[in-house]
Amino acid sequence: MNDARPSNANPVISFQGVTKEFPGVIALQGITFDVHEGEFFSICGENGAGKSTLMKILSGVITQYEGHFSVRGDQSRFSGTRDAERAGIAIIHQELNLVEQLSVAANLFLGREKRNRWGLIDDWAMEREARELFGQLECDVDPRVPVGRLRVGDQQLVEIAKALSLRADILIMDEPTSALTESEVARLFRVIARLRESGVTILYISHKMEEVFRLSDRIMVLRDGQMVSLLKRSETNAQQVTQLMVGREIATLDCSEPRRPGEVVLEVKNLSLPWPGHVRGWRLKDISFALRRGEIVGVAGLMGAGRTELLESLFGASSQVPEGEILIRGKRMKFTHPSQAKDAGIALVTEDRKRLGLFAQMNVRENISLCRLAKTSSGGMIQGGREGRMVAEIVDQLGIRTAGTSVPITSLSGGNQQKCIIGRWLLTEPQILLLDDPTRGIDVGAKAELYRLMDRLCRDGMAILLTSSELPELLAVSDRILVLSEGRLSGEFSRSEATEEKILTAAMQSVG
Amino acid sequence: MRGEVAEYFFRFRNEFGLIAAILLVLGVTAAFSEAYQNVFTLELTAKAISRDTALVGIFALGAAIVIIAGGIDLSAGSVIAFSGTLFFGFIILLAPDDMATRWPGDAEKHFPDTSQLAWWIPTVAFALTMGVAFLVGSFHAWLITVIRLPPFVATLASLVGLRSLARLLIQDITEIRYGQRQSTITIGDENLTSISQSNWWIPCVIWIVLCILIWMLLSRTVTGRHLYALGGNEQAAQLSGIRTDRLKWLAYSIGAMTSALAGVLYACYIGTASPSSDGMGYELNAIAAAVVGGCSLSGGVGTVGGVILGTLFLRLVIDSVAKLFKSQPDLFEGLVVGLLVVFAVAFNELRGAGAKKVFFPHALGWLSVLILSGLLGVITAVTSSEEKLRSGLIVGVVAFGVLFSKAVHERVQAKRMLAS
């Protein structure tokens with residue numbers, strides 16, 4: 001790739017000593033840097049390093065800060081996101097801002113709808129322009145379908161098309177690939193490459209080194225609100241950047257001593273999950289596998305392959321009643337509610353932490369003790385002391401970084417929130433732990449800790465079924481990998497035979 | 001341990017705010033109202049306020065539990081009318097015949113004797129009424145959890161339906177016992193009706209006991225913690241293995257049963273069950289008390305202490321306004337509740353917004369200046385005892401002047417911000 005991109009003398013964006021303090025925390029401290037026109041500028045850092053705060057200042061979300069920045073040489077002080085839009089800055093958030101019920105075209109032109117000469121909404125003109133935009137991106141998205149029916153990858157394209165239609169030439173992307181499959185990531189990068197050719201400057205925030213190193217011209221590393229270093233991609237490597245981010249060596253998972261799986265604790269025979277009203281008819285079809293004590297089995301698959309649905313059916317949380325057999329320690333089980341699965345020694349750490357896991361109004365202690373509370377109560381009354389001790393123990397055991405157990409759960413970083421939820425389930429002393437993409441949206445350091453935790457739990461005899469949207473992660477921690485494709489089991493690989501290519505091939509294979 | 005004290009204040013800021021507001025209202029009323037300055041009238045006032053607060057407080061607790069669990073119960077007012085009717089209906093069905101009377105149409109039959117009831121009659125009637133209330137709550141829970149109606153719709157159906165049912169029932173019950181269709185039942189037993197005068201403390205004791213029980217439930221039991229979890233994040237609660245459907249059953253049953261308890265007490269207080277007017281609109285008083293007390297309508301937030309203070313505060317203000325303007329309290333009730341709900345919630349929302357908050361942006365801002373000053377003028381006019389038109393006009397014009405200059409000032413500030 002073109003490392004020696006000619007950089008103009010005049011930077012597009014120039015930050016000078018920007019500092020932002022929140023009560024009690026300095027989120028950013030004297031940040032100074034320039035971004036050149038057409039540059040792909042990556043920003044790396046652990047959660048809480050200040051990346052999002054920086055981007056919120058640039059996109060006009062945060063308006064109170066010290067220091068200043070300029071866009072195209074003009075001193076800028078945005079009083080809102082509208083000002084940033086006017087300056088040609090568009091941000092694509094981690095959580096997409098789309099109205100699911102409205103069509104793609106309606107979302108693209110939301111707030112600036114085209115009208116015909118009677119002053120009524122001109123759907124036809126909007127759809128035509130939407131089609132042109134997707135044509136530019138060389139992507140095939142039907143502007144008339146409701147956004148809620150699109151896959152996450154396509155929804156993101158809608159956001160990008162929206163930025164294009166706003167004539168934005170500075171595009172901020174905050175973790176854009178966190179919910180994308182490998183092929184969607186590849187397509188996103190093709191789109192990005194095309195945008196750069198037309199002179200769009202891209203600021204890219206990501207935890208994934210592989211992506212950062214794919215296109216970046218320069219990489220800025222933030223740690224604790226300070227700029228640690230600004231590197232040219234050609235002069236650095238992923239290991240160095242990772243080390244700078246965390247400020248310490250990350251021990252990759254040490255698997256020198258192989259785990260020894262014990263007896264079968266979970267056996268699934270011909271599990272099928274009906275999908276009424278869909279052409280395929282099944283979300284899952286004829287899935288059979290076994291899970292042993294002391295082993296980690298990874299479940300791979302593209303978005304929509306049925307990974308989450310598989311875990312949910314095992315946990316009694318699926319929308320339909322699954323068919324087929326589920327045997328726990330040789331005993332046939334049929335769960336209709338998660339409480340039954342919990343009693344049978346199964347725990348599920350859900351994929352979408354905010355929506356399905358956290359209780360935002362509750363503090364750390366209440367979030368952790370929730371699943372175990374009934375067992376430690378006497379006569380239905382909460383035993384405050386016992387609850388506190390139980391929580392303190394798990395906080396200590398998992399190394400959850402928190403300023404006490406009565407602070408709001410929302411004050412913790414993503415990784416520590418995830419540990420709280422895992423702690424919640426470990427307190428129920430499960431024998432089977434289902435982890436649905438547990439490292440999504442958490443930083444590198446916390447990921448490594450989670451891998452070590454999984455390994456430790458496994459060696460203590462727990463059986464873990466794990467899904468992940470990152471293949472290297474599955475390869476690193478799993479003893480075996482099951483591959484799902486369109487709701488069917490399309491491959492099973494042992495640790496020694498699994499490679500990314502084999503898994504991807506199986507995941508993309510059409511078994512229907 | 002300054003940090004701990006500060007945290008304590010922060011945690012209970014809503015309760016402390018309400019206590020301050022209550023003291024303020026008491027102080028202002030004491031300064032201006034004669035009723036507070038005379039020992040005899042003060043005692044009467046205190047008793048009346050205690051009884052009225054307790055009566056509303058009882059079903060406000062039920063409303064709060066439903067709101068904390070993430071739902072809403074609109075049926076309280078109708079459940080009050082329905083249960084009052086049932087309670088008195090059961091009593092006259094069970095009461096012995098009064099041999100001294102005869103039906104006008106049928107000399108063989110006698111009217112029921114309700115002047116001095118054997119103790120078991122109200123007891124059985126009460127138990128049956130509470131049983132029916134439990135069924136009403138269970139029916140709501142079934143509609144919501146199984147049929148999947150939104151709580152608003154399910155309890156709205158009860159709000160309109162139950163009152164109508166009570167009015168139909170009372171006609172048939174009275175036909176059986178009096179030989180003619182009536183729309184009210186009156187009970188003469190003095191033990192039951194005494195709570196309007198000498199036994200004013202009975203509703204208070206019931207309320208206090210109920211407060212303690214529900215405080216225990218919400219803050220000391222696993223079920224209570226689960227109710228907060230349900231209200232905070234229903235999907236996560238279910239995925240944590242919590243039986244959310246059972247919790248909703250519990251919440252709506254408590255909602256209906258506290259309303260029924262209040263309904264029985266109201267019927268005794270008045271001495272007559274009249275389903276066409278009993279408890280009309282009371283559901284909103286209960287919801288208002290919960291909201292002023294700090295419950296969030298999106299669920300998962302609220303305390304028993306807050307609800308108690310919220311109820312007390314609303315009742316005190318209604319009474320003070322009536323005292324200060326020498327009028328019937330029920331005339332002011334709607335106005336006071338409406339204003340206070342807006343104030344309390346706006347106060348919570350605006351806390352931390354700072355002095356830079358813009359109140360009157362755009363065209364809506366100009367119109368709001370007109371609406372607010374007009375509202376102030378009209379309220380002044382209807383609450384003044386003499387020269388209504390003049391005082392209303394003066395207040396309206398002054399308010400308009402003040403708010404108008406505030407709106408102008410905001411626009412000047414905004415221009416200055418842009419320029420700098």
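This is a predicted model: local features need pLDDT of at least 70, side-chain atom pairs count only at pLDDT 80 or more; totals for chains, interfaces and linings use all residues.
**View 1. Domain layout of chain A.** Chain A is divided into domain 1, domain 2, domain 3 and domain 4. Taken over C-alpha atoms, the centres of domain 2 and domain 3 of chain A are separated by 35 Å.

**View 2. Helices α4 and α5 of chain A.** Helix α4 of chain A spans residues 123-136, and helix α5 of chain A spans residues 152-165. Their axes come within 10 Å and cross at roughly 105°. Angles of 65 to 115 degrees count as roughly perpendicular, and α4(A) and α5(A) are therefore roughly perpendicular to each other. On the α4(A) side, the contact is made by A:Leu133, A:Phe134 and A:Gln136. On the α5(A) side, A:Leu157, A:Val158, A:Ala161, A:Leu164 and A:Ser165 take part. By class, six residues of this contact are nonpolar and two are polar, with no charged residues.

**View 3. Domain layout of chain B.** The domain assignment of chain B gives domain 1, residues 14-354, and domain 2, residues 362-419. Between the C-alpha centres of these domains of chain B lie 37 Å.

**View 4. Interface of chain B with chain A.** Chain B contributes 24 residues to the contact and chain A contributes 32 residues. About 2200 Å² is buried between chain B and chain A, and carbon and sulfur atoms give 59% of that area. Within chain B, the residues that lose the most area to chain A are B:Val222, B:Arg225 and B:Leu239. Together these residues of chain B account for 32% of what that side buries.

**View 5. Salt bridge between B:Arg225 and A:Glu387.** Two salt bridges are found across the interface of chain B and chain A. In the bridge shown here, the side chains of B:Arg225 and A:Glu387 meet with an N to O distance of 2.9 Å. B:Arg225 is also among the residues of chain B that lose the most area to chain A.

Notes:
Residues are numbered from 1 along each chain as its sequence is written. Chains are lettered from A and ligands numbered from 1 in the order in which they are written. Side-chain values use heavy atoms; hydrogens and water are left out. Axes are lines fitted to C-alpha atoms, for helices over the stretch in contact, and angles run from 0 to 180 degrees between N-to-C directions. Helices (H or I, at least four residues) and strands (E, at least two) are DSSP runs, numbered from the N terminus. Angles under 35 degrees count as roughly parallel, over 145 as roughly antiparallel, 65 to 115 as roughly perpendicular and the rest as oblique. Contact means heavy atoms within 4.5 Å. Ala, Val, Leu, Ile, Met, Phe, Trp, Tyr, Cys and Pro count as nonpolar, Asp, Glu, Lys and Arg as charged, and the others, Gly among them, as polar. Domain bounds come from an automatic or database domain assignment. Buried area is the accessible area (1.4 Å probe) that two parts lose on being put together, summed over both. A salt bridge is a side-chain nitrogen of Lys or Arg within 4 Å of a carboxyl oxygen of Asp or Glu.
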